[in-house]
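Have a look at the model first.

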Amino acid sequence: MSKVIQTIDQMKEFSKNSILSKKSIGFVPTMGYLHNGHLSLIKKARSQNDIVVVSIFVNPLQFAPNEDFNTYPRDFEKDRVLCEQNGVDVIFYPGYEEMYPQNYQTYVEVSFLSKPLEGKSRPTHFKGVTTIVLKLFNIIKPTRAYFGKKDAQQLIIIKKMVEDLNLDVEIVPCEIERDIDGLALSSRNVYLNAKERSQAVCLKKALDKAKELIDAKIYDSQTIIKNMKDVINSYDLARIDYISINSTDCLSELKEVVLGKTLISLAVFFGKTRLIDNMWI
């Protein structure tokens, strides 16, 4: 049975006792509405740690005023059952006032890495991510924390925050989980209607096209991006936000793919729903 903890003090007490007992803590931060992508992180955490903690908190700081905070899918009972079925010891499920009490004023930002890619479309997003993740790290004191590669920029930013602030936690990257047709799993996929859902495969098809070109030793970024755009533009409901080829070290744009050090990422709208995907080269 997963224990549900809703206050910071209780969560800190649980973590302190676990650490005193010399137990390792694996931590999976989520905004709930769990899917197989989250469950793959939980399973990895379960295999590597004595204790597994999952947080469920829809963080308002990650959402701009025009984004989907109020409509973001939530189903705590379903999440609780999935956590129990997958061996989660503790679900940390705090309320908004618990995490951001009145007069809250402190924020954390990884400056340069937060500006390109997602940062251009969502300028306040990563400040919200790094603030909540640092708070959760301080509350839960995990040995290891698990993040999916689907949110590639987020993963790179969090690793940098951990390095810069000398945090005593190991960041474990986990592979992207996909549906049978290749669409990356995301809580936002539920927003897609049937036709949008059938066309959303174009993100993966565009990435496959990029890989095909790279395998043929075509490394020029503009050539790769043009071919990816052609794939996506052949789907009438898809509207490209960006396609970008960047260094995994500093997220600067690359004129040519560098094997082992390149991130190809894209964001595409279907109606109001914005999907992201990527490939690490």
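Buried here means under 20% relative accessible area, exposed means over 50%, and partly exposed is in between (1.4 Å probe, protein chains only). Strands (E, at least two residues) and helices (H or I, at least four) are DSSP runs, numbered from the N terminus. This is a predicted model, where local features need pLDDT of at least 70, side-chain atom pairs count only at pLDDT 80 or more, and totals for chains, interfaces and linings use all residues. Residues are numbered from 1 along each chain as its sequence is written, and side-chain values use heavy atoms, with hydrogens and water left out.

Start with strand E9 (residues 273–280): seven of its eight residues are buried, so the strand is largely enclosed by the rest of the structure.

Now for the sheet. Two strands pair if DSSP finds at least two bridges between them. Three strands make an open, antiparallel sheet in the order E7-E8-E9. E7 (238–247) and E9 are the edge strands, each pairing on one side only. From one strand to the next, the twist averages 15°.

E8 (residues 262–270) and E9 run antiparallel over eight bridges. Along that pairing, Val 268 sits opposite Leu 275, and Ser 265 has Asn 278 as its bridge partner. Their hairpin leaves two residues between the strands, and Gly 271 takes a positive phi near 60°.

Axes are lines fitted to C-alpha atoms, for helices over the stretch in contact, and angles run from 0 to 180 degrees between N-to-C directions.

| Helix | Lies across | Angle |
|---|---|---|
| H7 (residues 152–164) | E8 and E9 | about 65° to E9 |
| H10 (residues 221–233) | E7 and E8 | about 155° to E7 |

Technical notes:
Contact means heavy atoms within 4.5 Å.
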